[in-house]
Amino acid sequence: MGEHQLKNLLDQMTVEEKVGQLVQLATPFFKGASDRGEITGPMVHMNIDEDDIKRTGSVLGASGAKETINIQKVHMEENRLGIPLLFMSDIVHGFKTIFPVPLAIGCSWDLDLAEKSASIAAKEAAVAGVHVTFAPMVDLSREPRWGRVMEGTGEDTFLNSRFARSFVRGFQGDLENDPHKVASCVKHFAAYGAPEGGRDYNTVDMSEWQLRENYLPAYKAALDEGAQMVMTAFNILNGMPSTGNEPLMRGLLRDEWNFDGVLISDWGAVKELIPHGVAENEKQAAEKAMKAGVDVEMMTSCYVNHVEELIEEGTLEENILDEAVLRILQLKQKLGLFDNPYRGASEKEEEDYILSPENRKASRELASKSMVLLKNEGTLPLQKDQKVALIGPFADNTDILGPWSWGGSAEDTVTVASGFSQYLNEDQLLTSAGCGIETGTNEQLEVALEKAAQAEAIVVALGEHSDMSGEAGCRADIRIPEVQLELLKKIRSLGKPVTAVLFNGRPLDLREVTENADAVIEAWYPGTEGGNALADILFGEVNPSAKLTMSMPYSVGQVPIYYNRYNTGRPEGAPDAQERYVSQYLDIPNEPLYPFGFGLSYSRFEYEELTLSSERIRQDESLSVSVKVTNTGDYAGEEIVQLYVRDLVGEVVRPLKELKDFEKVYLHPGEEKVVHFTLTEEQLRYYHANMEHKSDAGEFEVFVGPNSRDTKSERFRLDRK
Ligand code: BGC
């Protein structure tokens, strides 16, 4: 069907049918769904009937070829014009083969593997009948209290933008010709990651300067890569809920960025305009969201019950409705649904592809590349001939998939204990929980201590259960629960080498953990192959290479904390700083416990000979930056070499350091490599007070190093002409 035919189709549609396309309901509403039984109540509640369901445009959360085919079949028979349904789902970090959570993927700094993970997730979902994924989530966040930090790749604009592109490429690829790809919906527009106090759904208030400089680029990157859809955010932005925010949606997203794809509300967010206090009732909520340009209303019924009336009384122009419908039809067309409403759905392919050994292998590889070694006093790797006690609530726990992994299952998940059993025989491995995640008993503790006493090395697997992060998973105290810290301290008192492994979805205050362990590794939620990936690292099969993409705070009191901060007029540590009147805390340091970009290896990498090709460059020239990196340790391994820049004098303040590039190098013991970067004027641009994006002539400092703290630096000047 061409554009002309789509318009013809639109012409044949009644207003009711058009509005139906804007409605998205969850699977149980549809005939043909396996769990349809319970739906009468919600339908009454939403004031919708069977005819509304027949006209609905899209389905939320359906999966499984059998079910999606069935729902579509019934729908095609019942929809007057035979307009197929779109199936949308949250395929965030895998469908059945679960990959590490996105924050962990960020720490791999591995754009290719990130793309591959999205591509596998897309195919697993597509054969199960899914057409659109609500991913990537690219909300920049400096807020470890916010549970959803695990859904994004971290605190850095540049890195998040790169990952946004990789994910979109992986999900979408050649969408129009490949039924194994799914359309990507970037979310949550905009600035959802900056809620006050780190509390989910809370107020966001930031300057346009901050928004454009740091928060918007990753959404834009996803759209530049071709993401077909955008989802609104729950939060207000500068006083106006995103979902009814006309300047943001029509002004910025559509007019300035020329986005012509489908904009969907987040779950129930149209109706939430009422509790936000910007709409009196559902009708006004519908009006505001429609006028803002929100095409699809997810899970509430303001549109279906009121848009027709709004048009009839002249409050809303019908062409606003027509534009929204056309965008939805165009997406259905792109996905090939008018030719084949079942698209990639195939029970046979589900059988062959989902959780295939190759998919598991990719997940294992990405998981081992995303675990960050934070401390190692010579304890790791473990010896394979030792007796090892594996203690802690995550020792043999399948809750390591993390939030947003609803397609994954416990039976398919490799726990730490089963991962270890690949390297140790039965009598070398002593496993015991020691306590639960939030509570414990003396009995549990005693069993664990007794086992630990028999071992030569102890691994303590600690963390947060997956409901402690993710949506609505906010915490004000970002330490691991007290009972686990107590367990660790008791284990530590045995005087044996202790490795602490952490499973969690946010940067934590790890002070007490690092004080009570000889080695610490942040495993995040590593996914289906988590136990294997961890074992690969701990037993030295894989040399850790991941680096943090969010600062690990010293204490929650530092939050929000991020490396690319500004200097203040009274910076701590300046040569003329006074003792008291400087920007500092009296009780804790300013610096995080572990900075952005930090992560250890079993090897050591030395940085020497940082060289710039010139002391000055003109605007049309580029600067070459090189550094010699040598592996001075005993293990072959990968190092992530990071390049940062500081603009020493700007029209507005500039960050102390900003990541501009990175390079991964694999080096054998004793091997050295010269790593080259190229810096151009474009990379030195920033938002000025009048929102112009340009660079300034003047002096810049270039930093290269293994993390954002331990860098070498040189200076150069940018000349206008
Ligand atoms: C979340 C979205 C998600 C949607 C659909 C909402 O609660 O905020 O990220 O895509 O639900 O499941």
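1. Let's start with the pair α17 and α22. The axes of α17 (residues 357–370) and α22 (residues 530–538) come within 8 Å of each other and cross at roughly 50 degrees. That angle makes α17 oblique to α22. As for handedness, α17 passes α22 in a right-handed crossing. Bear in mind throughout that this is a predicted model.

2. Who actually touches whom there? On the α17 side you'll find R364, A367 and S368, and they meet N532, A533, D536 and I537 in α22. Sorted by class, this contact has 3 nonpolar, 2 polar and 2 charged residues.

3. Next, the ligand. There are 13 residues around it, and the ones that come nearest are D90, R148, H188, D266 and E471. For R148, a side-chain N or O atom sits 2.7 Å from a ligand oxygen. K187 also has a side-chain N or O atom 2.9 Å from an oxygen atom of the ligand.

4. Now α13 and α14. Two packed helices are described by the angle between their axes and the distance between the axes. Here α13 (residues 282–292) and α14 (residues 302–312) pack at about 80 degrees, with their axes 8 Å apart. That makes α13 roughly perpendicular to α14. From α13 the contact takes in E282, K283, A285, A286, E287, A289 and M290, while α14 supplies C302, Y303, H306, V307, E309 and L310. By class, the tally is 8 nonpolar, 1 polar and 4 charged residues.

5. With α9 at residues 208–215 and α10 at residues 217–224, their axes are 6 Å apart and the packing angle is about 50 degrees. The two are therefore oblique to each other. L211, R212, E213, N214 and Y215 of α9 make the contact with P217, A218 and Y219 of α10. The class count for α9 against α10 comes to 5 nonpolar, 1 polar and 2 charged residues.

6. Most residues other than glycine have a negative phi, and most peptide bonds are trans. Which bond joins L380 and P381, cis or trans? It's cis, with omega at about -5 degrees. P381 is found in the loop between β11 (372–376) and β12 (388–391).

7. There is also a cis peptide bond from V559 to P560, where omega is near 0 degrees. P560 belongs to the loop between α22 and β17 (605–612).

8. Finally, have a look at W109. This residue is not a glycine, yet its phi is positive, at about 50 degrees. W109 lies in the loop between α6 (102–108) and α7 (111–127).

How values were computed:
Residues are numbered from 1 along each chain as its sequence is written. This is a predicted model: local features need pLDDT of at least 70, side-chain atom pairs count only at pLDDT 80 or more; totals for chains, interfaces and linings use all residues. Side-chain values use heavy atoms; hydrogens and water are left out. Axes are lines fitted to C-alpha atoms, for helices over the stretch in contact, and angles run from 0 to 180 degrees between N-to-C directions. Helices (H or I, at least four residues) and strands (E, at least two) are DSSP runs, numbered from the N terminus. Angles under 35 degrees count as roughly parallel, over 145 as roughly antiparallel, 65 to 115 as roughly perpendicular and the rest as oblique. A crossing is left-handed if the near helix is turned anticlockwise from the far one by less than a right angle, and right-handed if clockwise. Contact means heavy atoms within 4.5 Å. Ala, Val, Leu, Ile, Met, Phe, Trp, Tyr, Cys and Pro count as nonpolar, Asp, Glu, Lys and Arg as charged, and the others, Gly among them, as polar. A residue is near a molecule or strand if one of its heavy atoms lies within 4 Å of it. A polar contact is a pair of N or O atoms within 3.5 Å; within protein, one must be able to donate a hydrogen and the other to accept it, and residues adjacent in sequence count only if both atoms are side-chain atoms.
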